[in-house]
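User: I have a model open and want to go through its contacts. Can you take my questions as they come?
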2 protein chains.
Amino acid sequence: MKKYNDTTYAILGILTTNCRSGYEIKQFIDNSLNHFWKISYGQIYPTLKKLEQEELATIQAASREGKPDRKEYFLTEKGKEVLKDWLEQPLKQLPIERNEVLLKLFFGRHQTEEQSLFLLEDYKQKLENLYQTYEGIEEGIARYNNNHSDAKYWLFTLDYGKRVTGAAIAWCDETIKEL
Amino acid sequence: MKKYNDTTYAILGILTTNCRSGYEIKQFIDNSLNHFWKISYGQIYPTLKKLEQEELATIQAASREGKPDRKEYFLTEKGKEVLKDWLEQPLKQLPIERNEVLLKLFFGRHQTEEQSLFLLEDYKQKLENLYQTYEGIEEGIARYNNNHSDAKYWLFTLDYGKRVTGAAIAWCDETIKEL
DNA sequence: GAACACATGTAATTGGTTACATGATTCC
DNA sequence: GGAATCATGTAACCAATTACATGTGTTC
């Protein structure tokens with residue numbers, strides 16, 4: 001089966017929800033996948049165009065009262081197959097995630113300690129803000145979306161974010177102490 | 001001050017160690033930064049060329065007995081300043097790290113549970129392998145490099161890797177249970 | 001001479017962001 | 001008329017990988 005890039009699969013996946021247009025897809029990503037996946041318009045529209053060329057989706061022009069016209073995309077059978085095939089593939093390999101703070105800490109070993117401490121404190125602060133953001137979203141879901149069929153999966157991804165972020169915060173604490 | 005990309009700063013940083021040539025830089029990265037930063041030759045050589053053009057480094061041809069000739073790079077004062085300036089800057093913002101497993105889990109919500117479990121088990125396995133790799137490197141450092149001035153910093157970065165990976169493993173366990 | 005480590009580089013391609021450009025519709 | 005939201009798209013640019021191309025020196 002022909003291979004596409006992850007952005008293509010992500011958009012195919014989003015088209016299985018009730019998002020139909022480029023604009024709506026962007027909103028969906030910003031609202032639901034934002035903490036582990038983002039895509040810009042500069043990718044969305046060209047990718048949608050390609051989906052049609054590859055016959056993975058069909059386009060339908062739609063005019064809705066009170067709103068500008070838009071193009072609605074629907075997965076074809078082929079599109080559904082391509083998506084399903086991708087969903088079944090396990091990760092090829094764990095990606096190596098660049099970490100600028102670790103890099104600076106490493107090269108800062110001949111700098112002053114204050115400098116390193118400053119970087120770590122700042123990093124910790126940012127991680128804590130992120131953690132709180134996750135908690136806020138989590139509460140929001142628990143309060144208003146508990147019956148939404150996606151709620152369970154949102155909570156899984158938030159839990160992932162919280163655990164990993166929490167571990168990074170703990171590392172900051174420990175490293176600040178040991179420095 | 002003019003801005004460069006992270007790859008440029010990383011290479012400036014590596015030039016403060018005793019790595020001097022493109023080949024050596026690549027080896028250093030593969031040996032020491034591999035779990036949170038990697039760069040290919042396709043970036044290294046063009047970047048080194050630019051360093052000289054920008055007067056951040058000077059080149060010296062070096063012939064060493066028993067080895068092919070090579071080019072050795074040395075930071076200029078300007079290069080050191082640019083690096084120092086970068087080292088002092090805190091993170092602009094936390095990067096959003098794409099996570100393919102979370103994405104598949106999310107879109108797999110209308111798939112079978114077995115499918116999701118398979119993905120999670122596989123992910124967990126890969127994370128556990130990574131964790132063991134970290135432990136192996138850690139032991140190696142503790143045993144043979146304890147007096148190396150970089151040892152402390154290597155251990156910091158390994159600790160980071162272990163903590164974050166461990167948190168992800170715990171998440172897998174929990175999610176597998178709750179699915 | 002073959003295999004392997006050392007060494008440098010470029011070209012094609014992919015993936016992605018940002019800035020730009022345009023326009024409809026609603027509400028104030 | 002102006003601001004905000006809805007909506008689609010392209011062009012320029014940046015970052016990065018991969019494949020390709022070449023060559024030296026050592027050891028077996």
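User: Which residues of α2(B) meet α3(B)?
Analyst: This is a predicted model. In it, G22(B), I25(B) and K26(B) are the α2(B) residues in the contact. On the α3(B) side they meet Y41(B), I44(B), Y45(B) and L48(B).

User: What classes of residue make up that contact of α2(B) with α3(B)?
Analyst: It has 5 nonpolar residues, 1 polar and 1 charged.

User: At roughly what angle do the axes of α2(B) and α3(B) cross?
Analyst: Roughly 135°, and the axes come within 10 Å. Angles over 145 would count as roughly antiparallel, and 65 to 115 as roughly perpendicular. So α2(B) is oblique to α3(B).

User: Is the crossing left-handed or right-handed?
Analyst: α2(B) passes α3(B) in a right-handed crossing.

User: Over to chain A. How do α1(A) and α3(A) cross?
Analyst: Their axes cross at roughly 80° and come within 10 Å. The range 65 to 115 degrees counts as roughly perpendicular, so α1(A) is roughly perpendicular to α3(A).

User: Which residues make the contact there?
Analyst: From α1(A), T7(A), T8(A) and I11(A). From α3(A), Q43(A), I44(A), T47(A), L48(A) and L51(A). By class, this contact of α1(A) with α3(A) has 4 nonpolar residues, 4 polar and no charged ones.

User: Which element gives the largest share near DNA strand D?
Analyst: α3(A), with 5 residues. The surface near DNA strand D has 9 nonpolar, 9 polar and 7 charged residues.

User: Switching to the contact of chain A with chain B. How many residues does it take from each?
Analyst: 48 residues from chain B and 48 residues from chain A. On the side of chain B that touches chain A, α1, α4 (77–88), α5 (100–107), α6 (113–144) and α7 (151–178) each supply at least two.

User: Which of chain B's elements gives the most to that side?
Analyst: α7(B), with 13 residues. The side of chain B that touches chain A divides into 25 nonpolar, 10 polar and 13 charged residues.

User: Last topic, the records. What does UniProt place at residues 11–84 of chain A?
Analyst: An unreviewed UniProt entry places "domain: Transcription regulator PadR N-terminal" there. In the model, residues 11–84 of chain A are 50% helix and 16% strand. The end C-alpha atoms of that stretch are 13 Å apart.

User: And which annotation covers residues 120–147 of chain A?
Analyst: UniProt gives "coiled-coil region", again from an unreviewed entry. That span is 89% helix and 0% strand, and its end C-alpha atoms lie 40 Å apart.

How values were computed: Residues numbered from 1 in each chain as written. Chains lettered and ligands numbered in written order. Predicted model: local features only at pLDDT ≥ 70, side-chain atom pairs only at ≥ 80, totals over all residues. Helix = DSSP H or I, 4+ residues; strand = E, 2+ residues; numbered from the N terminus. Nonpolar A, V, L, I, M, F, W, Y, C, P; charged D, E, K, R; others polar. UniProt positions renumbered as here; feature names shortened; annotations may be inferred. Contact = placed C-beta atoms within 7 Å. Axes fitted to C-alpha atoms, helices over the stretch in contact; angles between N-to-C directions. Parallel < 35°, antiparallel > 145°, perpendicular 65-115°, else oblique. Left-handed = near helix turned anticlockwise from the far one by under 90°.
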